[in-house]
Amino acid sequence: MSDLLSSRTKLDRYPSRGMHDFETIAAILDEGFFCHVGFVKNGQPFVIPTGFGRKDRVLYIHGSAASRMLSEAGKGIPLCVTVTLVDGLVLARSAFHSSVNYRSVVILGTAEPVPAAEKITALKTIADHILPGRWDSLRAVKQEEIDLTAVLKLENVEASAKVRTGPPVDDEEDYALPIWAGTLDFAAPVAVPNPDKRLQASVAMPAHVARYRRIKS
């Protein structure tokens, strides 16, 4: 399927690595929780890192209400949002053929501010995307915190995924060289909880923290 394919998201280089179906793109987004948002203001490109959350085909991005990125992005200017997961190093017999095994998503489109009535729902989506079950364990959000936070939503309608897997592909004559080659695979990160030094001794670690593992799609 290619429901998110467009003339702008079609891959010209290594098209065999490209996918445009929503299921593949959603799986990568669900494993990641940090993105980079690119935009141009007065001819100057900016790329800003930020956390995100996904609900169905909508991507939520949040930050300070004073954020230049959110202020500009919320005006309907063209955006490019990227998410990349690095799975390992590809160590070939030459620098030219050395590479990285990765999964990435590029989303193109425009964002709009989330209405005040939907902001708490959007913030919950972001919190639970990063750490499932976290929102319900927290104190109630204060109105002043809501007012100080801007949230944008970007409909996922034009996107591409690019995936590189497998061993190095060397020039045929290089396979005879006495050089170690292969992949250096990164295991899914192990999350080690470190209690806050001022945490009350009577507060037990919640299950959603103790059982957390990064999703491996």
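This is a predicted model: local features need pLDDT of at least 70, side-chain atom pairs count only at pLDDT 80 or more; totals for chains, interfaces and linings use all residues.
Me: Where do I start? How many helices and strands does the chain have?

Reply: Start with the secondary structure. This chain has five helices and 10 strands.

Me: What box do the C-alpha atoms fill?

Reply: Take the box along the principal axes. Here it is roughly 65 × 50 × 35 Å.

Me: What share of the residues is buried?

Reply: Buried residues make up 39% of the 217 in the chain. The chain exposes about 12900 Å². Carbon and sulfur atoms supply 57% of that area.

Me: Which residues form the nonpolar patch on the surface?

Reply: Val 86, Leu 89, Leu 91, Trp 180, Leu 184 and Phe 186 form it. Together they have about 540 Å² of accessible area.

Me: Which strand gives the most to this patch?

Reply: Strand E5, residues 79–91, with three residues. Leu 89 has its place in that strand.

Me: Why does Leu 89 count as partly exposed?

Reply: Check its relative accessible area against the limits. Leu 89 is partly exposed because its value is 31%.

Me: Let me try another residue. Where does Pro 113 lie?

Reply: In strand E7, residues 111–113. Pro 113 is also partly exposed, at 47% relative accessible area.

Me: Which residues does Pro 113 touch?

Reply: Leave out residues up to four places away in sequence. Then Pro 113 touches Gly 74, Val 151 and Leu 152. Look at Ala 150 too. Pro 113 and Ala 150 are 37 residues apart along the chain. Their C-alpha atoms are separated by 7.4 Å.

Me: One more. Which strand holds Glu 155?

Reply: Strand E8, residues 149–155. Glu 155 counts as partly exposed because its relative accessibility is 41%.

Me: What is Glu 155 in contact with, leaving aside neighbours within four places in sequence?

Reply: Arg 57 and Val 58. For a distance, take Glu 112, 43 residues from Glu 155 along the chain. The C-alpha atoms of this pair are separated by 9.2 Å.

Methods:
Residues are numbered from 1 along each chain as its sequence is written. Side-chain values use heavy atoms; hydrogens and water are left out. Helices (H or I, at least four residues) and strands (E, at least two) are DSSP runs, numbered from the N terminus. Buried means under 20% relative accessible area, exposed over 50%, partly exposed in between (1.4 Å probe, protein chains only). Accessible areas come from the Shrake-Rupley method with a 1.4 Å probe; for residues, only the protein chains shown count as cover. Contact means heavy atoms within 4.5 Å. Patches are made of residues with over 30% relative accessible area and no salt bridge: like charges are joined within 9 Å, nonpolar side chains (Val, Leu, Ile, Met, Phe, Trp, Tyr) within 5 Å. A salt bridge is a side-chain nitrogen of Lys or Arg within 4 Å of a carboxyl oxygen of Asp or Glu.
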